[in-house]
Amino acid sequence: MSTEGLTILGKTVFDTLFIDWRIMAITAIISIILFIVGMYIQLEKWGRGIPEGATKSYGAWGALKFIISKIFEKGIGHALEILILDVAFQRRTYRRRKLEWFMHILIFWGWIGLLILTIVAAAAEFAGPFLLNQDYTYFVGVWKSLELPNDIFGYMLVLGIVIAIARRLFSTGKDVQARNADIDWILIFGLLIVVITGFYAQILRGDVTRELIEAYPPTFFNNITVMFHEVFTLLFCVAYVPFSKYFHMITAPLTILVNHGGE
Amino acid sequence: MAKEKPSINTVNFTAAQLMEFDACTRCGECVKYCPTYDARDKSQDIEPRDKILRWRDYMTKSYGLKARLFGPEKIPPEEIKKFTDDLYNCTTCGMCGTVCPAGINTIELWESTRANLVKYGTGPYGKQSLFPKLIEEGHNPYMKQQKDRLAWMTPDIKIAEKSDIAYFIGCTAGYNQQVLGVSTARILNKLNVPFMALGEEEWCCGSALIRTGQQHINDTPKKAAIHNVEALKARGAKRVIFACAGCFRAAKIDWPRAYGKELPFEAIHMSQFLAEQLEAGKIKWEKSLDKTVTYHDPCHLGRHVGVFEEPRKVIKSMPGVKLVEMKRNRKEQRCCGAGGGVKAGIPDLAMGVAKGRVNDAKETGAQALISTCPFCRRNLLDGRDELKLDMSVDDLVVLTAHLMGLSTDVQPPAPGAPKESISDLFRTQTIPPKPPAEPKKEEPKAAPKTEAPKAQAPAKEAPKSSAAK
């Protein structure tokens with residue numbers, strides 16, 4: 001039994017994405033570099049702080065060290081408690097804004113879940129031939145087993161986005177009256193594009209059990225929508241984060257941790 | 001070509017605080033609870049969120065990616081001035097931080113931003129700029145004499161020279177709300193608790209300077225904190241009682257920072273001390289009040305330090321007192337409006353917020369509004385008077401003294417004494433009217449250049465009494 005795929009160091013790696021891996025590799029590298037550069041710029045900006053009594057600023061690494069030391073000021077146990085209750089389950093939002101909490105949890109866990117499943121699938125793709133000495137059927141098995149959780153996290157994300165759109169269309173609350181709040185639409189529609197094209201890619205990949213690549217229709221590979229999905233997702237959900245409102249996904253948890261739950 | 005310098009700077013901020021500006025999700029929860037936003041007819045400029053977003057925008061224009069590539073974008077000075085004024089339209093009550101889903105420590109953020117802007121040259125606001133000179137030179141913000149710190153003492157009050165318990169009186173109780181000083185002292189005497197007071201050695205706690213971002217000016221609050229701590233230590237204090245929430249907050253949070261280590265004594269609020277004494281069965285009530293009262297949590301005692309239940313415990317134990325809660329109570333109370341330098345700097349804002357809080361009390365149907373901070377009491381009295389409500393406003397300690405059968409009378413008030421120097425609930429004295437002001441002499445007509453007198457610049461006016469917190 002054989003199948004085609006990407007050959008790396010003499011092993012065949014079944015290509016999960018069914019698109020030109022070189023495009024993916026370049027996009028991923030660019031996205032990660034942009035993310036790191038963005039984070040560095042932000043850290044460097046925070047590191048410009050000169051607290052009362054100090055004579056010079058911290059610098060980027062000094063800022064990072066300061067933030068980490070503040071997080072663990074009250075011990076690892078305390079930091080973990082805050083991480084679980086206030087970051088993972090967003091206790092502070094739950095106390096006051098039940099609908100927004102529900103929306104946030106759906107988007108947050110939907111996003112995190114899909115990220116984790118993507119990492120698991122990629123790991124299985126490499127672990128099969130390199131570590132377990134298995135053929136492509138190992139990957140196909142893992143892939144199939146991830147379908148249901150993939151769907152669940154995907155639908156969570158969709159529901160969260162629908163609530164976010166509905167709130168902005170029909171709510172007159174303070175949250176939608178902020179200065180420059182219109183920028184939220186870029187983020188919401190960006191995420192919507194990720195989800196819609198993601199489901200389309202999922203449908204196309206639903207039939208990965210065929211053994212030979214020749215058995216797939218030619219449009220299956222390098223499908224333009226799927227390629228757009230992968231490239232857009234990497235750029236929008238990774239590279240763009242430090243430069244957008246999505247940055248709060250990093251700063252809000254860090255702030256809660258630094259302020260020990262805000263209590 | 002040399003790049004333009006950023007219009008703002010980052011002094012007085014920690015790295016974590018600069019990160020906090022980026023943590024705001026714009027949810028607007030803070031807006032729902034902000035007392036000054038309400039008092040300013042819901043002006044967007046006053047929103048805590050908007051202030052964070054504006055400073056974030058300034059940071060991005062000055063230090064963001066575009067600024068790094070092409071140079072900082074200029075921020076017009078008048079925009080920074082407007083931002084400063086909006087920032088000072090805040091009592092630093094901390095309600096915004098309490099409800100912030102991202103857990104931003106807004107109290108410290110506002111104080112650091114204020115300090116930054118004072119150094120920049122656009123802060124503080126109005127009369128607040130008088131605080132550093134007054135407190136540095138006179139050790140109080142009321143232009144009073146140190147020798148008068150214990151002027152309220154009556155012959156029946158006994159204060160020890162040395163004791164392991166001290167009563168830190170504070171400028172407001174010492175000079176203006178003397179009913180609080182005499183009530184605290186008489187309660188301690190009645191409970192056979194020997195205590196000492198620093199008297200002329202007591203300096204302002206420094207709160208007014210820290211809250212308005214002026215702590216760095218001659219390091220006055222730091223010097224005052226160290227002086228007070230050392231003076232209390234030298235007299236053998238192991239426990240220091242504060243009846244003023246503002247001083248108590250300063251002692252609990254600001255003094256240890258200034259002192260550089262833990263204080264050599266325990267700082268305790270009088271309401272906590274009373275609750276302890278009550279539990280030990282030492283307080284014997286001798287009178288009944290027969291009134292429905294409501295309790296206002298001072299921000300500095302409640303949200304800032306976490307004392308919520310002890311004052312309620314004392315009130316609930318009082319004979320004939322029915323305690324009813326306002327809708328917004330404990331952590332979510334509404335500020336009285338006096339803090340953050342607002343009473344001194346922006347009196348109309350202080351009044352607007354006070355009216356909001358007095359109306360909260362009115363809704364409960366209470367006959368008396370009780371607090372346990374002389375500064376809250378003063379502002380709530382003003383709010384009550386403005387609304388012309390038939391509701392007493394008094395202090396928990398004064399109420400306790402009265403129901404313990406103690407006199408709350410002070411030395412006969414001098415003409416024109418502050419109205420709050422005597423109890424509102426148990427007024428047995430009257431404040432003699434102020435002597436009529438001398439008629440103004442007309443400007444000699446021979447001075448043609450003199451125009452009609454201009455409104456005096458707020459910064460140059462002498463502060464009225466009870467102006468700092």
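Helix axes are lines fitted to C-alpha atoms over the stretch in contact, and the angles between them run from 0 to 180 degrees between N-to-C directions. In this predicted model, helix α3 (residues 76–88) of chain A packs with α10(A) at an angle of about 135°, and their axes are 9 Å apart. On the α3(A) side the contact is made by A:Ala79, A:Ile82, A:Leu83, A:Asp86 and A:Val87, which meet A:Pro253, A:Ile256 and A:Leu257 of α10(A). By class, seven nonpolar residues, one charged residue and no polar residues take part in this contact. An α-helix has 3.6 residues a turn, so residues three or four places apart point the same way.

In total, 40 residues of chain A are in contact with 39 residues of chain B. On the chain A side, two or more residues each come from α1 (21–46), α2 (59–71), α4 (91–96) and α10 (248–258). The largest share, seven residues, is that of α10(A).

In chain B, helix α1 (residues 15–23) is mostly covered, with nine of its nine residues buried. These are B:Ala15, B:Ala16, B:Gln17, B:Leu18, B:Met19, B:Glu20, B:Phe21, B:Asp22 and B:Ala23. The cover over the buried residues of α1(B) is drawn from both chains: it includes α1, α2 and α10 of chain A, together with α4 (48–63) and α8 (106–120) of chain B.

Chain B also contains an open sheet of four strands, in the order β5-β4-β6-β7, with parallel pairing. Strands β5 (321–324) and β7 (392–395) of chain B stand at the edges with a single partner strand each, so one side of each lacks a neighbour in the sheet. On average, and with direction ignored, neighbouring strands of this sheet are turned by 35° against each other. Within the sheet, β4 (residues 291–295) and β6 (residues 368–371) of chain B run parallel and are joined by three bridges. B:Thr294 has B:Leu369 in β6(B) as its bridge partner. Helix α19 (residues 374–387) of chain B lies across β6 and β7 of chain B and runs at about 175° to β7(B).

Notes
Residues are numbered from 1 along each chain as its sequence is written. Chains are lettered from A and ligands numbered from 1 in the order in which they are written. This is a predicted model: local features need pLDDT of at least 70, side-chain atom pairs count only at pLDDT 80 or more; totals for chains, interfaces and linings use all residues. Two residues are in contact if their C-beta atoms, placed from the backbone, lie within 7 Å. A residue is buried if 20 or more other C-beta atoms lie within 10 Å of its own, exposed if 12 or fewer, and partly exposed in between; C-beta atoms are placed from the backbone. Two strands pair if DSSP finds at least two bridges between them. Ala, Val, Leu, Ile, Met, Phe, Trp, Tyr, Cys and Pro count as nonpolar, Asp, Glu, Lys and Arg as charged, and the others, Gly among them, as polar.
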